[in-house]
Amino acid sequence: MEFGVVIHNRSETGKREVMVGLAQRADRLNFDSIWVTDHVVLPTKVSSRYPYSATGAFPIQPHEDYMEPLTVLAYLAACTERVRLGVSVMILPHRNPILAAKMLSTLDVLSGGRVIAGVGVGWLEEEFQALGLPPFRERGAYSDECIRIFKELWTKEDPSFEGRYHRFRDIKFAPKPLQKPHPPIWVGGQTRRALERAGTLGDAWHPLGLRPPVNLEPDELRDSFKVVREAAAKAGRDPKSVGVAFRGPLNLTKAAEPAGRRLLTGSPSQVADDIKRYHDVEVRHMVFDVLTNDVRLIEETMDRFANEVRPELP
């Protein structure tokens with residue numbers, strides 16, 4: 001099983017020296033991947049509901065620094081040697097898909113083939129409006145088109161595309177990514193449409209869970225993953241070619257937590273047992289959030305996971 005960690009590219013943890021230190025620590029501790037997140041602007045007046053909060057309130061304040069994720073990953077690629085690099089998730093409508101494909105391809109070449117393309121459709125309508133994007137209600141169809149464009153540009157010598165939102169022909173696209181046929185595409189989201197998108201177009205489903213009201217404990221995740229594989233089969237793909245990479249908050253405590261605790265919260269042995277349960281429902285990559293701006297606590301959690309949790313896993 002593989003493990004990644006989110007390096008929050010905002011607020012106190014979004015400072016250059018902090019992000020570099022955490023990325024290099026992840027590299028040194030043999031984490032398999034590092035992840036940043038994606039917002040371009042944060043509106044001051046928001047009526048959209050954040051899906052991963054019981055209240056619907058987004059926990060980030062609009063005035064906080066929020067670094068652009070692909071720029072951050074390019075910088076961190078030069079500061080690390082082996083750890084893989086991803087956005088969890090890049091909001092597809094935020095960027096022209098030809099330009100985004102070029103940026104990801106360039107990053108894959110510069111990093112020596114370490115990119116994972118985590119993608120999603122977005123939730124913050126006011127941000128869409130500020131960026132002058134296609135209608136928010138069409139973001140799913142628009143995003144599907146973006147993924148198809150990525151694959152066309154990354155794999156075809158003479159790419160062409162005729163879609164609802166984009167069309168092109170008689171162009172060349174180079175460099176191609178180092179990874180063949182292309183960097184893995186991990187599709188975020190937990191709605192049925194997101195599950196179907198992962199099965200139809202993705203290499204993995206990449207949900208965020210253990211954030212009420214979105215929980216996705218192992219049994220629920222297993223049932224949702226069936227929808228992903230059914231969609232893959234319907235699209236004529238091998239269902240087993242689509243994996244699942246789960247992202248959730250990690251909180252290591254000194255002593256064991258009592259019954260009723262949230263999964264991935266507790267002693268190293270408890271967390272190791274939780275990870276084994278996710279492994280049993282076919283999760284093969286777990287990405288951890290340490291939900292604090294306390295850099296020393298993030299470092300301590302990374303160290304403890306590497307030294308106390310990972311040795312307990314098969």
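Helices (H or I, at least four residues) and strands (E, at least two) are DSSP runs numbered from the N terminus. The model is predicted, so local features need pLDDT of at least 70 and side-chain atom pairs count only at pLDDT 80 or more, whereas totals for chains, interfaces and linings use all residues. Residues are numbered from 1 along each chain as its sequence is written, and side-chain values use heavy atoms, with hydrogens and water left out.

Helix H6 (residues 192-201) has as its buried residues Ala194, Leu195, Arg197, Ala198, Gly199 and Leu201. The cover over these buried residues includes helix H5 (139-155), strand S8 (185-188), strand S9 (204-206) and helix H7 (218-234), contact being defined by heavy atoms within 4.5 Å.

Helix H2 (residues 69-79) packs against helix H3 (residues 97-110) at an angle of about 10°, and their axes are 10 Å apart. Axes are lines fitted to C-alpha atoms, for helices over the stretch in contact, and angles run from 0 to 180 degrees between N-to-C directions. H2 and H3 are therefore roughly parallel to each other; angles under 35 degrees count as roughly parallel, over 145 as roughly antiparallel, 65 to 115 as roughly perpendicular and the rest as oblique. In the contact, Leu70, Leu73, Ala74 and Ala77 of H2 meet Met103, Leu104 and Leu107 of H3. By class, the contact of H2 with H3 comprises 7 nonpolar, no polar and no charged residues. In this classification Ala, Val, Leu, Ile, Met, Phe, Trp, Tyr, Cys and Pro count as nonpolar, Asp, Glu, Lys and Arg as charged, and the others, Gly among them, as polar.

Methionine 19 lies in helix H1 (residues 16-28) and is buried, with a relative accessible area of 6%. Leaving out residues up to four places away in sequence, methionine 19 touches Ile7, Asn9, Thr13, Gly14, Met67, Val72 and Leu76. The C-alpha atoms of methionine 19 and valine 295 are separated by 9.7 Å, although these residues are 276 residues apart along the chain.

Backbone geometry was also examined. Most residues other than glycine have a negative phi, and most peptide bonds are trans. A cis peptide bond joins alanine 174 to proline 175, with omega about 5°, and proline 175 is in the loop between strand S7 (167-168) and S8. Another cis peptide bond joins lysine 180 to proline 181, with omega about 0°; proline 181 is likewise in the loop between S7 and S8. Proline 181 is exposed, with a relative accessible area of 56%. Apart from its neighbours within four places in sequence, proline 181 is in contact with Trp154 and Thr155.

Aspartate 170, also in the loop between S7 and S8, has a positive phi near 55° and is exposed at 72% relative accessible area. Glutamate 282 has a positive phi of about 80° although it is not a glycine. Glutamate 282 is in the loop between helix H8 (268-280) and strand S13 (283-289) and is partly exposed, at 36% relative accessibility.

With a disulfide defined as a pair of cysteine sulfur atoms within 2.5 Å, the count is 0 disulfides. Cysteine 79 is partly exposed, with a relative accessible area of 24%, whereas cysteine 146 is buried at 1% relative accessibility.

Technical notes: Buried means under 20% relative accessible area, exposed over 50%, partly exposed in between (1.4 Å probe, protein chains only).
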